[in-house]
Amino acid sequence: MERMILQTIRHLEDLPTLPSVAVEVMGLSRSPDVSIKDISECIHKDPPLAAKVLKMANSSFYRRGSQDIDTLHRAILLMGLNEVINITTSVSVLTSLGSRKSQGQSLRKKFWHHCIATGLIARRIDTRLRLRLQGREFVGGLLHDIGKIILDEYFHDQFMQAHSLSIERQCSMFEAENEVLGTTHMEIGHFLAQKWGLPPYIADVSLNHHRPQDARFKDITSVVSIANLLAKAKELSCGGDTMSFVLKDQQGWHILKKMGHPMDSIDLERITFEIEDIGEEVREYISTISDQEIQEHAHA
Ligand SMILES: [Fe+2]
Ligand SMILES: [Fe+2]
């Protein structure tokens with residue numbers, strides 16, 4: 001059984017795919033001399049995607065000034081190329097995975113709430129520590145657990161078994177997954193991120209968010225690992241993983257401290273207080289995403 005499920009998933013032919021324009025945009029973004037025109041023209045080839053990117057750019061999550069952002073060209077000028085690529089990546093992955101059905105709809109709803117909360121908390125940590133991760137901490141947080149969708153969809157019974165085991169033993173989900181499935185949501189998420197050609201930091205966060213010490217992108221992965229724990233502490237968990245933790249003992253915390261970030265300046269009580277309203281922000285994010293995707297699952 002060891003590694004068998006990972007091998008099976010590697011060879012599945014009906015795995016979800018990303019919109020082809022999104023793949024093209026991510027490819028273009030790696031080229032050093034890409035222009036604003038290249039990117040905006042590319043996104044326009046997929047009108048529903050372009051509309052969603054613009055809708056997100058005008059939402060309270062991204063909009064900075066009072067003016068409407070009515071074209072992608074303007075969005076890139078005002079927000080920067082990185083942020084528009086971040087939005088395109090998140091919207092594309094949510095479009096692709098958000099509509100996947102699950103036999104456990106209420107758990108799927110919790111899953112999306114957890115992922116969005118992790119992204120939003122990661123963003124607040126980035127702002128607080130002035131890390132300037134340029135929105136990649138949000139995308140990393142949003143997508144860190146995507147492997148769970150694949151396990152739930154293709155190996156639902158074993159995934160549920162792992163979920164029960166995690167609660168029964170009060171152990172982490174990935175330990176329970178390893179025991180029941182012989183693989184983890186991190187390995188599957190890493191595989192999917194690579195298969196889809198997502199930016200390397202997303203593959204790294206998927207693989208290492210429970211052990212940021214092994215990450216290549218240590219800053220982003222550490223922030224996401226802390227945000228993941230805080231989201232669970234706010235009861236925004238996607239099931240299992242019921243253990244308690246001390247934030248200052250976490251690897252992610254030590255790594256950021258070692259990198260010279262002012263971790264001691266963070267008042268833990270205050271940060272817990274500050275994320276009190278995160279549930280509301282999660283609901284707002286969900287309502288910004290179009291009806292057909294995660295909204296129907298998240299509101300189900
Ligand atoms: Fe995880
Ligand atoms: Fe998580």
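The points below go through the domains, the core and some helix packing.

1. A reminder to begin with: this is a predicted model. The chain is divided into domain 1, residues 18-98, and domain 2, residues 102-300. Taken over C-alpha atoms, the centres of domain 1 and domain 2 are 23 Å apart.

2. On the contact between the domains, 20 residues of domain 1 touch 21 residues of domain 2. On the domain 1 side, at least two residues each come from α2 (20-29), α4 (47-57) and α6 (81-98). The helix that gives the most to this side is α6, with 10 residues. By class, the domain 1 side that touches domain 2 has eight nonpolar, nine polar and three charged residues.

3. Next, the core. The largest nonpolar core has 82 residues, and the members that touch the most others are Ile43, Val53, Ile116, Ile121, Ile202, Val223 and Ala227. Helix α7 (residues 105-129) supplies the largest share of this core, with nine residues. Because domain 1 (18-98) and domain 2 (102-300) both give residues to the core, it lies between them.

4. Which residues does Ile43 contact, leaving aside its neighbours within four places in sequence? They are Val21, Val25, Leu49, Ala50, Val53, Leu72 and Thr88. Have a look at Val53 while you are there: Val53 is listed with Ile43 among the core members that touch the most others.

5. Ile43 also takes part in a helix pair. The axes of α2 and α3 (residues 36-44) come within 9 Å and cross at roughly 170°, which means that α2 is roughly antiparallel to α3. Here Val21, Glu24, Val25 and Leu28 of α2 meet Asp38, Ile39, Cys42 and Ile43 of α3. This contact of α2 with α3 has six nonpolar residues, two charged and no polar ones.

6. Back to α6, this time with α8. Their axes are 10 Å apart and the packing angle is about 10°, so α6 and α8 are roughly parallel to each other. On the α6 side the contact uses Asn86, Thr89, Ser90 and Val93, and on the α8 side Arg136, Phe138, Val139, Leu142 and Leu143. The classes in the contact of α6 with α8 are five nonpolar, three polar and one charged.

7. Helix α13 deserves a look of its own. Why is α13 described as largely enclosed by the rest of the structure? Eight of the nine residues of α13 (residues 200-208) are buried, so the rest of the structure largely encloses this helix. The buried ones are Tyr201, Ile202, Ala203, Asp204, Val205, Ser206, Leu207 and Asn208. They pack against α8 (136-143), α9 (146-154), α12 (185-195) and α14 (218-233).

8. From α9 the contact takes Ile146, Gly147, Lys148, Ile150 and Leu151, and from α12 it takes His185, Met186, Glu187, Ile188, Gly189 and Leu192. The contact of α9 with α12 has six nonpolar, three polar and two charged residues.

Notes. Residues are numbered from 1 along each chain as its sequence is written. Chains are lettered from A and ligands numbered from 1 in the order in which they are written. This is a predicted model: local features need pLDDT of at least 70, side-chain atom pairs count only at pLDDT 80 or more; totals for chains, interfaces and linings use all residues. A residue is buried if 20 or more other C-beta atoms lie within 10 Å of its own, exposed if 12 or fewer, and partly exposed in between; C-beta atoms are placed from the backbone. Helices (H or I, at least four residues) and strands (E, at least two) are DSSP runs, numbered from the N terminus. Two residues are in contact if their C-beta atoms, placed from the backbone, lie within 7 Å. Ala, Val, Leu, Ile, Met, Phe, Trp, Tyr, Cys and Pro count as nonpolar, Asp, Glu, Lys and Arg as charged, and the others, Gly among them, as polar. Domain bounds come from an automatic or database domain assignment. A nonpolar core is a set of buried Ala, Val, Leu, Ile, Met, Phe, Trp, Tyr and Cys residues joined through C-beta atoms within 7 Å. Axes are lines fitted to C-alpha atoms, for helices over the stretch in contact, and angles run from 0 to 180 degrees between N-to-C directions. Angles under 35 degrees count as roughly parallel, over 145 as roughly antiparallel, 65 to 115 as roughly perpendicular and the rest as oblique.
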